[in-house]
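Here is a walk through one protein model, taken a piece at a time. Keep the structure open while you read.

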Amino acid sequence: MDISVTPDPRSVRTVADLATRLRELKTWTGNPSFEELRRRTGVPRSTLADALRPDRRRPPSLDVVRRIVRACGVDPASAGAWEAAWRRVVGALVPVAERHHVTLLPPDVGDLPGRDLELVRLDGLAQQASGSPVVVTGAAGVGKTALVLRWAHRRRLRYPDGHLYFDLRARKGDKVAPAQVAREFLRAMGATEADLHSGDEACLARFRSTVYARRTLIVLDDAADAAQVLPLLPGGPLCSVVVTSRHRLDDLAVQAGGRLVTVGSLEPAAGESLLVTLTGADRGDPLVADVVRLCGASPLLLRAAAAWLSDRPDRSLRTLRSRLERGQHFAVLSRPDESCPVRQVFASWYGSLPERARDLVVAMAAGRRRAFAAADLWLVGRDAPHLLEQLVACHALVPVGRGRYALHELLRRYVRECVRR
């Protein structure tokens, strides 16, 4: 090659072409050692060496290509040609004729006030993730699934190769195995029954390789832990994976570069807007603000409250407020047909805690104090710091400033009701 001429990526069509041009680019810039490139890029030497192998089956990630190109001195105006080359290679890996488009998303929710900031953050992280999952986390009943479905429907055209959704059912205590999810996805994408009868690891590998080079959205709803999610991550830079969970799923951040979107209760004004929309109440009625406050501005409880009011014409906001003030949240808002499973949701949240953590929650709920210093928790034993971390990670404990924590108010009410019963 003529080292006086900058390598041109416009003719790149295959993985081998891309690796060869990157090697030529390394030579053109003075053939620095992989150790020197590591210092320039922050990418491990082994990853750099692998990226330049022409016999590799898959292209390196777009982030690695960008870092190599920048480290080799390519000016920003020309860097776009390298990114375009990478996209041609990835897009050619799966012929369009072989792609089986499938949409498994549930319907969008009707009303979602007060979530604009979370939608913007989710959108930004999903675009930046380059194959890493985005974890939408928050306490029970805050509307994590509704938020993700609203975003997914808004951005569905960004993923022309399909939209996959699976309810992992952590709230029901029925932990779905990753291989079962992979089989359902493959079946929806047109795999034969013979393909699905292979072993679990083979099915997982087949799923990952099938979607690796596709612009596909994968939503894994209500995950119990990271182990349920990690085997399903394709790692493909064109895929977006969004996970919802009551837990932070820290292992996804450590092992797969996961990013967090934390969802809290609604702001009072947004909660009032939701209740007014659902019930037709007067926006200026002080009873609306009272009910929102007593429901902790939880979208789940507010929807349940609206359903309770609509069941019978003689029910009123005043009656509802009175019953909520007496702590009858779960007796009033849980429906026997489980169409609005308030009690079930909080029972599964509490039941998912380790036994020692549940003991601590019961002790905190029984007392009159609403906030506790971390030092106070040493009374429960030497494992107090670990228990504290567990409860914060699943949003059962909420930091309230100056090293103090409060038990989630609705969880506190649920536990107190259980104790009374």
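Which residue is the bridge partner of Pro399 in strand 8? That partner is Tyr405. Keep in mind throughout that this is a predicted model.

Strand 7 and strand 8 form a hairpin with 2 residues between the strands. Look for Arg402 there: this residue takes a positive phi near 55°.

| Strand pair | Direction | Bridges |
|---|---|---|
| Strand 6 (residues 371-373) and strand 8 (residues 404-407) | antiparallel | 3 bridges |
| Strand 7 (residues 397-401) and strand 8 | antiparallel | 4 bridges |
| Strand 1 (residues 134-138) and strand 5 | parallel | 5 bridges |

What is the order of its 5 strands? They run 2-3-4-1-5 in an open sheet, and the pairing is parallel. The edges belong to strand 2 (163-167) and strand 5 (259-263); each has a single partner strand, so one side of each is left without a neighbour in the sheet. From one strand to the next, the twist averages 15°.

On the strand 5 side, Gly138 has Val263 as its bridge partner. Helix 7 (residues 144-154) packs on this sheet and touches strand 1, strand 2, strand 3 (217-221), strand 4 (240-245) and strand 5. The direction of helix 7 makes about 160° with that of strand 4.

**The largest pocket**

Helix 7 turns up again here. The largest pocket holds about 730 Å³ of space, and 26 residues line it. Nearest its centre lie Thr145, Ala146, Arg171, Leu300 and Val345. Helix 7, strand 2 and helix 14 (299-311) are the elements that give two or more residues to the lining. Which of them gives the largest share? That is helix 7, with 4 residues.

**A glutamate worth a look**

Last stop: Glu417, which lies in helix 20 (residues 409-420). Is Glu417 buried or exposed? Its relative accessible area is 6%, and the cut-off for buried is under 20%, so Glu417 counts as buried. What does its side chain make a polar contact with? The partner is the side chain of Arg343, at 2.4 Å. Leaving out residues up to four places away in sequence, Glu417 touches Gly327, Phe330, Ala331 and Arg343. Arg343 therefore shows up both as a touching residue and as the polar partner of this buried glutamate.

Methods
Residues numbered from 1 in each chain as written. Predicted model: local features only at pLDDT ≥ 70, side-chain atom pairs only at ≥ 80, totals over all residues. Heavy atoms only, no water. Pairing = 2+ DSSP bridges. Axes fitted to C-alpha atoms, helices over the stretch in contact; angles between N-to-C directions. Contact = heavy atoms within 4.5 Å. Buried < 20%, exposed > 50% of the residue type's maximum accessible area, 1.4 Å probe, protein only. Polar contact = N/O pair within 3.5 Å; in protein donor to acceptor, adjacent residues only side chain to side chain. 1 Å grid on protein atoms, 1.4 Å probe; cavity = no way out; pocket = protein on both sides within 12 Å on 5 of 7 lines; lining within 4 Å. Points joined across faces, edges and corners; volume = space filled by probe spheres on them.
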